[in-house]
Amino acid sequence: MDKAVALTDPAPNALDAFWMPFTANKAFKAHPRLLARAEGMFYWTPEGAPILDGTAGLWCVNAGHGRAEITAAIQAQAATMDFAPVFNLAHPLAFTAASKLALMFPATLDHVFFTNSGSEAVDTALKIALAYQKAIGQGTRTRLIGRERGYHGVGFGGISVGGIVNNRRAFGSLGGVDHLRHTHLPDNAFSIGQPAHGADLADDLERMVALHGAETIAAVIVEPLAGSTGVLVPPQGYLQRLREIATRHGILLIFDEVITAFGRLGAATAADHFGVTPDLIACAKGLTNAAVPMGAVVAASHVHAAIVDDGPAGIELFHGYTYSAHPLAAAAAVATLDLYVAEGLFARAASLAPHFAAAAHSLRGKPHVVDIRSLGLVAGIELASRDGAPGARATELFHRAFDTGLLVRVTGDIVALSPPLIVSEAQIDEIFGRIGEILEQLT
Ligand SMILES: Cc1ncc(COP(=O)(O)O)c(C=O)c1O
């Protein structure tokens with residue numbers, strides 16, 4: 001179509017211009033699946049078919065869709081002040097949002113740097129770690145350690161410490177990074193909750209110290225529970241050991257809680273759930289119930305003090321975004337955090353976790369299932385791959401589920417479930433029951 005005509009009179013279903021992220025564009029546009037409306041536990045297609053949301057959107061709509069309190073807060077803020085700079089100026093809701101978030105997170109983590117996404121939160125956390133080491137006179141510590149099968153978003157820092165080769169293949173990596181081994185061990189298949197084997201994999205950090213020298217290492221970053229690469233639950237004792245080794249060598253520990261924060265594991269943070277406190281937490285997604293994009297880094301007091309309180313006069317950290325603490329996002333965050341507390345949604349997730357785990361593990365023995373992992377309200381069901389076609393079986397399951405009214409997420413041949421925390425026991429049964437039926441039909 002002529003470009004000028006397309007712009008003035010776009011066909012309502014013209015799919016060409018939108019270059020979709022992390023999507024097989026050609027395949028999607030040949031068979032598009034669209035969402036048009038959402039409320040509570042459901043999406044609806046443009047044709048009006050309901051889709052039960054087994055994934056909280058993209059692990060982010062923790063309080064369920066279309067929450068009136070959040071919508072009202074965003075609307076009121078948009079009508080009052082659309083935008084305010086936060087470089088050398090600010091607006092009251094930015095402080096309120098930061099205070100509420102700091103209160104919700106572990107007590108020693110008490111300063112909040114706002115971003116607009118999880119990727120930006122990760123890159124911000126990595127930069128804060130480097131700035132901290134420099135501020136305390138440890139400027140040789142520039143190396144960043146990630147982990148195989150880690151997903152830390154798509155910034156250059158995030159893809160470099162991340163452990164997914166496809167995310168780097170076309171772009172390369174920052175120098176000065178290394179990776180711990182991942183914690184996914186065949187011996188742990190079908191573990192309920194935290195698996196028994198693998199705490200010793202944390203000793204990889206000792207090996208990094210022996211290999212590179214502690215004086216070169218600024219920080220280690222892990223997802224306490226790895227979500228995007230297939231729901232990898234940390235082995236018992238693993239995170240405690242990682243914390244102990246990092247502390248002993250002056251290495252900052254960063255938790256990427258973009259998925260795990262805000263109730264996914266039945267507590268405000270995975271740090272709370274596991275009883276392990278990092279120096280920095282990166283979060284996003286559930287921070288605003290995904291109603292307006294927002295991310296954040298929540299920093300320990302010693303990190304903030306070294307950079308800000310003990311720093312020279314003038315700007316202490318040369319970093320920030322035009323939209324840091326955007327008024328609409330700040331309004332959404334305040335309303336969302338209040339809603340989580342008022343409805344006790346994190347405790348609700350904790351109380352539903354045993355039922356959720358039992359429903360997930362009821363799929364053991366179904367065709368193609370080679371492992372099931374779950375913790376809190378997140379589960380991964382791993383399928384055997386078809387010969388020569390990795391990912392094809394789970395993708396077919398995803399399509400069949402959607403076409404019969406259920407949204408699941410797939411990564412490779414792993415089906416991931418992470419429903420909104422308002423899910424009912426009957427809906428949990430429906431989610432896993434439907435997956436079981438589809439598994440019976442799949443070749
Ligand atoms: C653990 C983790 N870190 C970072 C990100 C990136 O977040 P965003 O897509 O908001 O940039 C994600 C997204 O799924 C994530 O799961």
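Q: What domains does the assignment give for the protein chain?
A: The protein chain is assigned domain 1 (33-62 + 348-441) and domain 2 (69-343). Those bounds come from an automatic or database domain assignment. Residues are numbered from 1 along each chain as its sequence is written. This is a predicted model, where local features need pLDDT of at least 70 and side-chain atom pairs count only at pLDDT 80 or more, while totals for chains, interfaces and linings use all residues.

Q: OK, and how far apart are the C-alpha centres of domain 1 and domain 2?
A: They lie 26 Å apart.

Q: How many residues are in contact between domain 1 and domain 2?
A: On the domain 1 side there are 28, and they are in contact with 24 residues of domain 2. Two residues count as in contact if their C-beta atoms, placed from the backbone, lie within 7 Å.

Q: Which elements give two or more residues to the domain 1 side?
A: Helix H3 (56-59), helix H14 (345-361), strand S11 (369-375), strand S12 (378-383) and strand S15 (414-417) do. Helices (H or I, at least four residues) and strands (E, at least two) are DSSP runs, numbered from the N terminus. By class, that side of domain 1 has 16 nonpolar, eight polar and four charged residues. Ala, Val, Leu, Ile, Met, Phe, Trp, Tyr, Cys and Pro count as nonpolar, Asp, Glu, Lys and Arg as charged, and the others, Gly among them, as polar.

Q: Back to H14. At what angle does H14 pack with H16?
A: About 20 degrees, with the axes of H14 and H16 (residues 425-441) 9 Å apart. So H14 is roughly parallel to H16. Axes are lines fitted to C-alpha atoms, for helices over the stretch in contact, and angles run from 0 to 180 degrees between N-to-C directions. Under 35 degrees counts as roughly parallel, over 145 as roughly antiparallel, 65 to 115 as roughly perpendicular and the rest as oblique.

Q: Which residues of H14 and H16 meet?
A: Leu352, His355, Phe356, Ala359 and Ala360 in H14 meet Glu425, Ile428, Asp429 and Phe432 in H16. By class, that's six nonpolar, one polar and two charged residues.

Q: What about H6 and H12?
A: H6 and H12 (residues 301-309) pack at an angle of about 65 degrees, and their axes are 9 Å apart. The two helices are therefore roughly perpendicular to each other. Ile128, Ala131, Tyr132 and Ala135 in H6 meet Val303, Ala306 and Ile307 in H12. That contact divides into seven nonpolar, no polar and no charged residues.
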